[in-house]
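Take a first walk through this structure. Keep the sequence and the 3D view side by side.

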Amino acid sequence: MRRTVALATVATALAGSLAGFGGQAMAVSNGTAPRVSQAAGCVTVVRWYNKRFNRMVEVKNSCARTACFSVTVAARRDPDLSIGKNKKESFAYGGVAWTKGSGIKNKAC
């Protein structure tokens, strides 16, 4: 019985991985490869700090347009924020009871 369940599990995993490869090959052959977002690399972290009862992140936008990003916080919903073109600005992303942010994700606005 154990052997049958193990074989079924392996077969299911193998079929799923093969289906994933087939889908990627089809996307490349159709010329519809995934597009790289224009938000890549615009917003960078300058520093993380606490200010009174808030966790803060200071970020810099090096692009000539408004950029959107989210702060990655473990076990919480990531807050979405935006910053104007060619600016350095601080944002409060949570209270001091929150876990510290581990990074940012550049997003399309």
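Strands here are DSSP runs of E with at least two residues, numbered from the N terminus. Before going further, note that this is a predicted model: local features need pLDDT of at least 70, side-chain atom pairs count only at pLDDT 80 or more, and totals for chains, interfaces and linings use all residues. Residues are numbered from 1 along each chain as its sequence is written, and side-chain values use heavy atoms, with hydrogens and water left out.

S3 and S6 run antiparallel and are joined by five bridges. Two strands pair if DSSP finds at least two bridges between them. The angle is taken between axes, which are lines fitted to C-alpha atoms (for helices, over the stretch in contact); angles run from 0 to 180 degrees between N-to-C directions.

Now turn to the other three-strand sheet. Its order is S1-S2-S5, it is open, and its pairing is antiparallel. S1 (43–51) and S5 form the edges, and each pairs on one side only. From one strand to the next, the twist averages 25°. Seven bridges join S2 to S5, and these two strands run antiparallel.

Is Glu 58 buried or exposed? Its relative accessibility is 13%, so Glu 58 counts as buried. Buried means under 20% relative accessible area, exposed means over 50%, and partly exposed is in between (1.4 Å probe, protein chains only). The side chain of Glu 58 makes a polar contact of 2.7 Å with that of Arg 47. A polar contact is a pair of N or O atoms within 3.5 Å; within protein, one must be able to donate a hydrogen and the other to accept it, and residues adjacent in sequence count only if both atoms are side-chain atoms. Leaving out residues up to four places away in sequence, Glu 58 touches several others, including Thr 44, Tyr 49, Lys 88 and Ser 90. Contact means heavy atoms within 4.5 Å.

Next comes the nonpolar core. The term covers a set of buried Ala, Val, Leu, Ile, Met, Phe, Trp, Tyr and Cys residues joined through side-chain atoms within 4.5 Å. The largest such core has 13 residues, and those that touch the most other members are Val 43, Val 57, Val 59, Phe 69, Val 71, Ile 83 and Phe 91. S2, S3 (67–72), S4 (80–83) and S5 (88–95) each supply at least two residues. S3 gives the most, with three. Phe 91 has contacts beyond four places in sequence with residues that include Val 57, Val 59, Phe 69 and Ile 83.

Which rings come together? The structure holds two aromatic pairs. Trp 48 and Tyr 93 are one of them: edge-to-face, 5.7 Å centre to centre, with 85° between the planes. Rings of Phe, Tyr and Trp (its six-membered ring) pair if their centres lie within 6.5 Å; planes under 30 degrees apart count as stacked, over 60 as edge-to-face and the rest as tilted. Trp 48 lies in S1 and Tyr 93 in S5, so this pair ties together parts 45 residues apart in sequence. Trp 48 is partly exposed at 25% relative accessibility, while Tyr 93 is buried at 5%. The ring centres of Phe 69 and Phe 91 are 5.5 Å apart and their planes stand at 70°, so this pair is edge-to-face. Phe 69 lies in S3 and Phe 91 in S5, so the pair ties together parts 22 residues apart in sequence. Both Phe 69 and Phe 91 are buried.

Finish in the loops. Most residues other than glycine have a negative phi. Arg 52 has a positive phi, near 55°. Arg 52 sits in the loop between S1 and S2 and is exposed, with a relative accessible area of 72%. Asn 86 also has a positive phi, near 50°. Asn 86 is in the loop between S4 and S5 and is exposed at 53%.

Key:
Helix = DSSP H or I, 4+ residues; strand = E, 2+ residues; numbered from the N terminus.
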